[in-house]
Amino acid sequence: MPRLLFGPLLALVAVVSAHTAAHAQSDLPFTAEDIEAATYTGGDLPAGRSALTAKVQVLLDRSGTSPGVIDGFKGGMSKSAIMAFERRSGLPMDGVMDPHVWNLLQSFAHEPVTMRYTITPEDGEGLVEAIPADYAEKAQMSAMAYTSIAERLGERFHMDEKFIAFLNPGTPIIPGATISVAAPSSPIRATVTRIIVDKANRRVAAYNAKGRMIVDYPATIGSDATPSPSGNHHVVTVALNPNYTYNPQRNFTQGKNDKPLIIPPGPNGPVGSVWIDLSKPSYGIHGTPSPSRLFHSQSHGCVRLTNWDAQELAGMVRGGVTTVEFLQPGVTIADATGITAPPLASTSKPLKATATPAAIAATPEPSERLEFPDQTAVADAAPAPATDETPADPLSTALSDALPDEFVSPGSSEN
């Protein structure tokens with residue numbers, strides 16, 4: 001073998017071996033029981049797929065700070081959700097798991113994060129064999145329905161359908177089978193008056209009339225060829241389970257289709273199961289048939305959410321009342337809301353992240369949610385005065401404002 005090729009070949013073998021090892025590590029099996037038992041001991045989330053990441057994803061979902069699909073993988077959507085959770089909590093926004101985030105998430109851990117579910121005959125009804133890519137073929141179908149029971153249950157439990165199979169090896173996903181699934185909370189009920197679309201971080205945050213953040217979702221927001229709109233608009237109306245009108249003269253051209261088409265409704269339609277119509281003609285906030293691809297896909301200018309996030313948001317917006325602000329590139333939600341997070345503070349050892357029985361009993365039900373600090377309060381809050389013995393820690397100050405008294409916070413003397 002020529003010497004010139006020997007070095008690069010070894011390097012290539014090393015890269016392939018590392019990739020194979022990482023892939024094997026991410027495919028190590030774990031169970032619902034492992035997810036329940038998972039606890040945080042410090043550092044960032046493990047690489048690949050882990051029981052701890054799955055647990056954190058469920059808790060983020062319950063908090064109203066959506067990680068997108070629950071799949072157990074440490075990835076872009078989970079990192080963006082942690083960053084959004086840090087923003088709403090007044091913590092430094094780096095998207096890295098740490099004891100402060102873990103302690104706050106315990107307010108949503110008073111119930112098991114997984115559950116057992118017995119598949120019903122109704123879960124297997126109304127399925128279609130496949131969804132064609134061509135719009136003309138879609139238009140010939142009666143519905144853009146689910147293609148499998150796993151896909152239907154994935155949307156119901158906010159999971160990637162492949163993760164359902166991962167948690168239930170050897171169990172057929174058929175009526176009568178009992179399987180383990182994630183246990184996200186029921187949809188949040190509130191009135192949203194302001195929505196902010198962050199193109200830079202691909203997040204959509206919604207606020208009530210008092211300026212309190214209610215929910216925050218990952219999203220696909222436009223593309224280079226068909227960018228999303230700019231400026232301020234408002235919600236006009238909401239359509240649940242809508243059909244989709246394809247008009248190549250008005251919007252974009254799909255394949256060789258050069259004539260208008262009506263594509264029937266269904267969760268696998270081009271706009272998913274929800275359309276939130278905006279005052280900007282032909283633009284909206286809608287669902288998607290591919291929730292796991294939100295951070296990998298591009299849209300034709302609209303804002304795509306998972307179907308379940310879009311449905312939740314649709315129940316909170318009000319036509320003619322809810323404003324939608326599309327931020328300029330480079331401007332973030334933190335910039336738009338004036339949030340100033342405290343600086344990063346190092347800790348010499350992991351924090352104890354446990355709750356007393358009394359704290360668990362006092363934790364609000366998922367539908368009530370944890371009362372995070374008002375965004376304005378976070379921006380204006382001053383750190384506690386320092387003493388000779390204990391310097392003020394602005395990170396601990398922000399955390400103590402949001403954390404129930406029974407939880408262990410950074411300033412605690414407990415080990």
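Figure 1. A206 stands opposite V215 in β5. This is a predicted model, in which local features need pLDDT of at least 70, side-chain atom pairs count only at pLDDT 80 or more, and totals for chains, interfaces and linings use all residues. Residues are numbered from 1 along each chain as its sequence is written, and side-chain values use heavy atoms, with hydrogens and water left out. Strands here are DSSP runs of E with at least two residues, helices are runs of H or I with at least four, and both are numbered from the N terminus. Two strands pair if DSSP finds at least two bridges between them. β4 and β5 (residues 213-218) run antiparallel, joined by five bridges. Five residues separate the strands of this hairpin, where G211 takes a positive phi near 85 degrees.

Figure 2. Strand β4 covers residues 203-207, and five of its five residues are buried. Buried means under 20% relative accessible area, exposed means over 50%, and partly exposed lies in between (1.4 Å probe, protein chains only). R203, A205 and Y207 point one way. V204 and A206 point the other way. Y207 also carries a charge over its ring: R194 lies over the face, at 5.9 Å from the ring centre. The cut-offs for such a contact are NZ of Lys or CZ of Arg within 6 Å of the ring centre and within 35 degrees of the ring normal.

Figure 3. Strands of a sheet pair through backbone hydrogen bonds, either parallel or antiparallel. This open sheet has mixed pairing and the order β5-β4-β3-β13-β7-β10-β11-β12-β6. β5 and β6 (220-221) stand at the edges with a single partner strand each, so one side of each is left without a neighbour in the sheet. β7 (residues 231-240) runs antiparallel to β13 (residues 323-326), with four bridges between them. In that pairing, N232 has E325 as its bridge partner. β7 is also antiparallel to β10 (residues 274-278), through five bridges. Here A239 stands opposite W275. β11 (residues 284-286) and β12 (residues 303-304) pair in the parallel sense over two bridges. R304 in β12 is the bridge partner of H286.

Figure 4. A pair of aromatic rings is described by the distance of the centres and the angle of the planes. Rings of Phe, Tyr and Trp (its six-membered ring) pair if their centres lie within 6.5 Å; planes under 30 degrees apart count as stacked, over 60 as edge-to-face and the rest as tilted. A search of the whole structure finds seven aromatic pairs. The F30 and F166 centres are 4.9 Å apart and the planes are at 65 degrees, so this pair is edge-to-face. F30 lies in the loop between α1 (3-26) and α2 (32-37), and F166 in helix α8 (residues 161-167), so the pair ties together parts that are 136 residues apart in sequence. F30 is buried, with a relative accessible area of 10%. F166 is buried too, at 15%. Ring pairs link F30, F163 and F166 into a cluster. R49 lies over the face of F166, at 3.8 Å from the ring centre.

**Figure 5. The second largest pocket.** A pocket is an open set of points on a 1 Å grid over the protein atoms alone, where a 1.4 Å probe fits and protein lies on both sides within 12 Å along at least five of seven lines; lining residues have an atom within 4 Å of a point. About 340 Å³ of space lies in this pocket. That volume is the space filled by probe spheres set on the points, which are joined across faces, edges and corners. Of the 20 lining residues, E155, R156, H158, W308 and Q311 are the closest to the centre. α7 (149-156) and α9 (307-314) each supply at least two residues of the lining. α9 gives the most, with four. The lining divides into six nonpolar, seven polar and seven charged residues. Ala, Val, Leu, Ile, Met, Phe, Trp, Tyr, Cys and Pro count as nonpolar, Asp, Glu, Lys and Arg as charged, and the others, Gly among them, as polar.
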